[in-house]
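Trainee: I have a structure to go through and would like to work on it by question and answer. Could we start with the strands and then move on to the helices?

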Amino acid sequence: MKLFKKILLALLIVFIIIQFIRPAHNLSEQVLPTDIAKIYAVPDSVLHLLNIACYDCHSDNTRYPYYAYVQPGAWIMARHVRHGKADLNFSEFGTYSIRKQQSKLKAIVSQIKDDEMPLTSYKLMHADARLSNEEKDLIMNWATATKNNFQNK
Amino acid sequence: MKNIISALAIAAITFASCNSADKKNTDADVKVDSSATSMHTDIVQSQSESPIHGILTGYLQVKNALTNDNGNDAADGGKAISEAMAKLDKSSLSAAQAKAYNAVADDLKENAEHINENSGKIDHQREHFEMLSQDMYDLVKSFDKTQTLYKDFCPMANDKKGAFWISETKEIKNPYLGKKMPTCGEVKEEIK
């Protein structure tokens, strides 16, 4: 029993120490000129959905929930955000080549259609990111239309 | 005793001379081999006159792997594309070539990486292959042709929206539908 208490105490100390190791938050004060909403027409209804279902990991602004202030929650989250932004960052959409922008819009449609995105683990913690079929259609139609617009240019 | 020693000596000499004869043979073999290798290198070099040769080779590897429903080989081809891109000497490109290359480079790289990372998800590889084919078409059109290529189109691919690919053979082998429907498609353009 004594050993058990010692282990518990050690774990508690480790837990307290890791609270001081905090990853930097993904929060940008300004909207970049490369933001997708600055370069293409994004209807408010679509922008709202992107905000609640995509932007936490795919933009320069994450909404941080309470568990993001407790370690190791923030670490896991920082990792997700880093990977998400590397694949697609709506805040820097304008830095991509036109070809890559088209590919991304196509990938958005297929990821939502195949239910790959938003991630299941994300939907578990974010009820509003569980998109209805109508909401999915809204995003997919917008992405398809934006992509087709390029091709007509 | 003397007899035995001389017999041994003779045996040893014979053995050694046989050995050296063998060695000569192997030396000759090695020489032949090395000349064959250098000839081979010459061939590779003459083919790689085009700066995008390595990228095209990787692309065709992906394409041929997908016609055989082989996700692992396709993944290797994706890696080959990334490596060829890293090796490409941009300073050797003309202004027009550099423009064509830069217009697709980030997309090409990402599609190649996705194909490399998804060896177990061939449908996902094929989605990226569709985008990769567009990039590749733009590239081969802007660079000097060292071999005849074909632009093939299949209306059934890509969720029946249709998709094309680049092939080194005139015969149709469909990379989108694979063994399920290997002959769907037709040659739309001969790129010479």
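Trainee: Which residue stands opposite B:K151 in β2(B)?
Mentor: Keep in mind that this is a predicted model. Strand β1 of chain B covers residues 149-154 and is joined to β2(B) by five bridges, the two running antiparallel. Within β2(B), the residue opposite B:K151 is B:I166.

Trainee: And which residue of β2(B) stands opposite B:C154?
Mentor: β2 of chain B spans 163-167. At B:C154, the residue across in β2(B) is B:A163.

Trainee: In what order do the three strands of the open sheet in chain B lie?
Mentor: β1(B) is joined to β2(B) by five bridges, and five bridges also join β1(B) to β3(B). Both pairs run antiparallel. The order is therefore one in which β2 and β3 of chain B stand at the edges with a single partner strand each, leaving one side of each without a neighbour in the sheet. Written out, the order is β2-β1-β3.

Trainee: By how many degrees are neighbouring strands of this sheet turned against each other on average?
Mentor: The figure ignores strand direction.

Trainee: Which residue is the bridge partner of B:L149 in β3(B)?
Mentor: β3 of chain B spans 186-191, and five bridges join it to β1(B). For B:L149, the bridge partner is B:I191.

Trainee: How many of the six residues of β3(B) are buried?
Mentor: β3(B) is an edge strand with a single partner. It is described as hardly covered. The count of buried residues in β3(B) is zero.

Trainee: Does B:M156 count as buried or partly exposed, and why?
Mentor: B:M156 sits in the loop between β1 and α6 of chain B. Leaving aside residues up to four places away in sequence, B:M156 touches B:L177, B:M181 and B:C184. Because there are 16 C-beta neighbours inside 10 Å, B:M156 counts as partly exposed.

Trainee: What separates the C-alpha atoms of B:M156 and B:L60?
Mentor: Along the chain, B:M156 and B:L60 are 96 residues apart.

Trainee: At roughly what angle do the axes of α3(B) and α4(B) cross?
Mentor: α3(B) covers residues 71-87, and its axis comes within 7 Å of that of α4(B). The crossing is left-handed. The angle is roughly 145°.

Trainee: How many nonpolar residues does the contact of α3(B) with α4(B) have?
Mentor: On the α3(B) side the contact includes B:A74, B:G78 and B:M85, and on the α4(B) side it includes B:L108, B:A112 and B:I115. Three residues of the contact are polar and three are charged. The nonpolar residues come to seven.

Trainee: Which element gives the most to the side of chain B that touches chain A?
Mentor: The contact takes nine residues from chain B and seven residues from chain A. On the chain B side, α4 (95-117) and α5 are the elements that give two or more residues. By class, that side divides into three nonpolar, one polar and five charged residues. With six residues, the element that gives the most is α4(B).

Trainee: Now chain A: how far does α6 reach from its first C-alpha to its last?
Mentor: α6 of chain A has 16 residues, 98-113. Buried residues in α6(A) include A:R99, A:L105 and A:I112. Just after this helix, A:D115 takes a positive phi of about 60°. Against an expected 22 Å, to which it is close, the reach of α6(A) is 23 Å.

Technical notes: Residues numbered from 1 in each chain as written. Chains lettered and ligands numbered in written order. Predicted model: local features only at pLDDT ≥ 70, side-chain atom pairs only at ≥ 80, totals over all residues. Helix = DSSP H or I, 4+ residues; strand = E, 2+ residues; numbered from the N terminus. Expected span 1.5 Å × (residues − 1). Buried ≥ 20, exposed ≤ 12 C-beta atoms within 10 Å, placed from the backbone. Pairing = 2+ DSSP bridges. Axes fitted to C-alpha atoms, helices over the stretch in contact; angles between N-to-C directions. Contact = placed C-beta atoms within 7 Å. Nonpolar A, V, L, I, M, F, W, Y, C, P; charged D, E, K, R; others polar. Left-handed = near helix turned anticlockwise from the far one by under 90°.
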